[in-house]
Amino acid sequence: MSKNPEKIIFLVEDNPDDELLTLRAFKKMGIMNEVVVAHDGVEALDFLFATGTHAGRDAISPQVTLLDLNLPKLNGLEVLRRLREDPRTKLLPVVILTSSKEDEDIVRGYTLGANSYVRKPVDFTEFAEAVKSLGMFWLLLNETPPAARAP
Amino acid sequence: MTRLDPQATSVRALGTPEETDFRVLFESCPGLYLVLTPELRIIAVSNAYCHATMTKREEILGRGLFEVFPDNPDDKEATGVANLRASLGRVLTEKRPDAMAVQKYDVARPASEGGAFEERFWSPINSPVLDDAGRVRYIIHRAEDVTEFVRLKQQTAADAKLDETRAGQMEAEIFLRAQEIQRANSALRSLQTELEERVAELDRQKKLFDQFFKLSLDMLCIAGTDGYFRRVNPAFEALGYTSEELTKTPFIDLVHPDDRAKTLAEVEKLSRGALTIGFENRYRCKDGTYRWLSWMTAPDPNGTLYAVARDITDQKLDEQELRRAKETAEAANRELEAFSYSVAHDLRAPLRGINGFAQALLEDFAANFNTEGADYLRRIEAGARRMGYLIDALLGLSRITRTQLHRQPVDLGRLASAVLEELRAGAPDRRVDVVIAPAPKVNGDPDLLRALLDNLLGNAWKFTSQKADARIEFGTKQDGGDTIFFIRDNGAGFAMDHATRLFAPFQRLHTEKQFPGTGIGLATVQRIVLRHEGRIWAEAAAQQGATFYFTLGPSESKSPIVPSEHAQ
């Protein structure tokens with residue numbers, strides 16, 4: 001698995017159980033990349049734009065952002081919309097990772113510019129497998145757009 | 001020949017009102033009548049005769065005929081008496097009427113006026129009246145005074161011939177005129193009859209119209225473009241007003257204020273000759289409530305309006321209720337959607353936790369647990385997983401009820417093939433004999449039909465997993481006008497007497513160990529079939545497989561079957 005610390009995984013997840021399990025899954029699958037976690041929509045934007053609580057440092061472009069939809073303060077779709085509106089984050093790879101399988105959400109997600117939509121399974125093993133696939137694809141296989149790479 | 005009642009004439013006094021007074025009738029006859037006994041005694045005489053002969057009844061009754069009416073003594077050639085006597089004699093003998101030729105028979109002026117004779121000419125006819133035995137009882141002497149006529153003939157002696165001709169002409173003319181008058185009278189009479197018939201017919205029609213007008217349950221009325229009712233039928237009483245009240249009030253006053261403008265516009269259209277069909281407005285009843293009326297009105301060139309109104313208040317109320325019910329149902333549906341959505345998320349998240357951490361315990365702290373402990377953890381994990389499936393299945397079921405059906409032609413045969421291919425791909429080692437018969441295309445929702453086949457074929461696949469010579473068949477059969485689809489397998493089957501709640505959610509006929517499943521599949525299938533207005537039923541036997549039959553549309557005429565193109 002990748003041992004490249006520069007490739008950061010950005011996880012936007014409000015549920016602490018899900019957070020823990022996701023991190024565990026990464027570890028289990030041998031993904032050693034740094035994982036940054038934001039617990040709500042505002043924090044997510046602050047991190048990506050280096051504003052608010054994250055002000056005072058250079059903006060960081062994660063290799064991939066795993067975005068949950070049900071977030072407090074600002075929900076996932078709203079976060080996505082704002083990311084896509086800003087030229088700095090317009091091309092950022094975003095994977096929606098959520099419990100909902102409703103067509104509405106899927107359509108809206110893609111319409112707003114998500115790169116991918118993955119449903120969180122209940123079964124942990126399945127979830128771990130999903131995480132592994134995600135990891136393999138986004139961290140190793142996928143080419144990020146030049147502007148998104150870390151300076 | 002008339003028979004006279006012997007008691008009838010002189011004996012009876014002016015009879016009772018019910019009896020016909022023949023004597024008065026006789027005496028009033030417009031003709032010169034004299035009634036004689038066989039002895040030629042005068043026993044009755046008409047007023048006209050007395051007048052013409054200048055005699056008085058009471059002076060001549062009972063006396064002999066020739067005593068009363070002798071010949072003119074100054075007339076040497078008088079033949080009156082002789083001829084009359086002869087005629088009467090003939091009547092007595094032959095008992096038949098005897099007509100005399102024109103006879104000169106002068107009559108005397110009354111003694112009070114000098115008693116001189118005046119020239120008279122008569123055309124008499126004498127008729128017998130016989131009694132039961134055939135003997136002559138009376139003789140009726142009827143005379144025509146033709147004096148004027150004869151004089152006319154005698155008048156101009158020199159031009160006797162001319163006179164005769166003229167007289168003849170006059171006669172002829174008179175005759176012709178008489179004929180004409182007779183014809184005219186006849187024509188007039190028949191015209192009169194026709195007129196009477198027409199009037200009678202009109203009367204009948206009017207009665208018919210009145211009958212309909214009165215009896216009609218619909219409100220009928222005649223009104224004017226001047227804004228007033230002229231005539232209303234009793235059905236109008238439904239509004240609570242009397243006819244008088246209705247005809248006195250301009251009808252616009254009774255119309256709901258919100259409907260007045262459009263009513264006036266409609267009347268204006270009518271005054272220009274257009275028909276009104278299905279125009280609706282509200283009328284105020286006597287008790288202040290409003291009723292909706294639907295109008296059909298026809299104008300005539302004089303500005304008279306003929307209208308029928310139907311009370312549609314109940315229909316309007318029904319419409320409103322229906323609309324409200326629909327809105328309520330839609331609101332309920334939306335609520336259900338929102339509920340299902342949150343259920344999905346909020347229930348699943350903790351499940352992930354339960355499952356995930358149970359697994360984490362198993363993996364990371366394996367050393368802390370013995371076999372039993374590990375088993376408990378596995379059960380926790382399995383339970384959470386199963387709950388996840390159930391939630392998904394229930395969500396799926398609810399979605400089927402909620403979503404809009406988008407019907408289009410679907411080839412079920414092809415769909416079945418696709419589903420079975422996927423099943424094969426998931427278990428490449430299994431050898432299953434698959435038969436798919438060509439099926440006519442159906443008009444249905446492709447997604448739902450896909451789910452239907454997923455479930456039914458998935459079941460067939462699952463329940464034949466223990467069989468070495470598994471066989472799954474998809475086909476159709478005709479029953480009357482309906483196409484029945486079926487999926488048959490030769491797998492585990494089930495006993496029919498356990499299958500009463502086959503399609504109820506969570507009802508399973510096998511344990512989880514025998515065959516995994518949520519118990520929602522058939523409930524889902526049934527719901528899909530019902531949404532397509534079809535029916536579903538099953539036949540099975542334990543260890544002998546099962547066949548599931550279904551139709552996809554209401555029976556017979558409204559079948560949503562699209563003609564097949566026989567493509568696979």
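Me: Hi! Before I count anything, what counts as a helix or a strand here?
Reply: Helices are DSSP runs of H or I with at least four residues, and strands are runs of E with at least two, numbered from the N terminus. Keep in mind that this is a predicted model.

Me: Thanks! How many helices and strands are there in chain A?
Reply: Chain A has five helices and five strands.

Me: And in what order do the elements of chain A run?
Reply: From the N terminus on, the order is β-α-β-α-β-α-β-α-β-α.

Me: What share of chain A counts as buried?
Reply: Chain A has 151 residues, and 54% of them count as buried.

Me: OK, over to the surface. Which residues form a nonpolar patch there?
Reply: In chain A, that patch is made of A:Met136, A:Phe137, A:Leu140 and A:Leu141. Together they have about 390 Å² of accessible area.

Me: Where is A:Phe137 placed?
Reply: A:Phe137 sits in helix α5 of chain A, which covers residues 124-141.

Me: Now for charges. Which residues form a negative surface patch?
Reply: That one is in chain B: B:Asp314, B:Asp318, B:Glu319 and B:Glu321. B:Asp314 belongs to helix α10 of chain B, residues 313-364.

Me: Is B:Asp314 buried or exposed?
Reply: B:Asp314 is exposed, as its relative accessible area is 51%.

Me: Let's go inside. How many residues does the largest nonpolar core have?
Reply: The largest nonpolar core has 39 residues. Those with the most contacts inside it are B:Leu412, B:Leu453, B:Phe474, B:Phe548 and B:Phe550. Several elements of chain B each supply at least two residues of this core, including α12 (412-426), β17 (470-479) and β20 (546-550).

Me: Which element gives the most to this core?
Reply: That is α13(B), with eight residues. As a general point, nonpolar side chains in soluble globular proteins tend to be buried together.

Me: Last topic, the backbone. Which residue of chain A has a positive phi without being glycine?
Reply: A:Ala50 has a positive phi, near 55 degrees. A:Ala50 is in the loop between α2 (41-49) and β3 (64-67) of chain A, and it is buried, with a relative accessible area of 14%.

Me: What about B:Leu40, what is its phi?
Reply: Phi of B:Leu40 is positive too, near 65 degrees. B:Leu40 lies in the loop between β1 (32-36) and β2 (42-45) of chain B.

Me: Buried or exposed, that B:Leu40?
Reply: B:Leu40 counts as buried, at 13% relative accessibility.

Key:
Residues numbered from 1 in each chain as written. Chains lettered and ligands numbered in written order. Predicted model: local features only at pLDDT ≥ 70, side-chain atom pairs only at ≥ 80, totals over all residues. Heavy atoms only, no water. Patch = residues over 30% accessible without salt bridge, like charges linked within 9 Å, V, L, I, M, F, W, Y side chains within 5 Å. Areas by Shrake-Rupley, 256 points an atom, 1.4 Å probe, with all protein chains shown as cover. Salt bridge = Lys/Arg side-chain N within 4 Å of Asp/Glu carboxyl O. Lys, Arg positive; Asp, Glu negative; His and termini not counted. Charge placed at Lys NZ, Arg CZ, Asp CG, Glu CD. Buried < 20%, exposed > 50% of the residue type's maximum accessible area, 1.4 Å probe, protein only. Core = buried A, V, L, I, M, F, W, Y, C linked by side-chain atoms within 4.5 Å.
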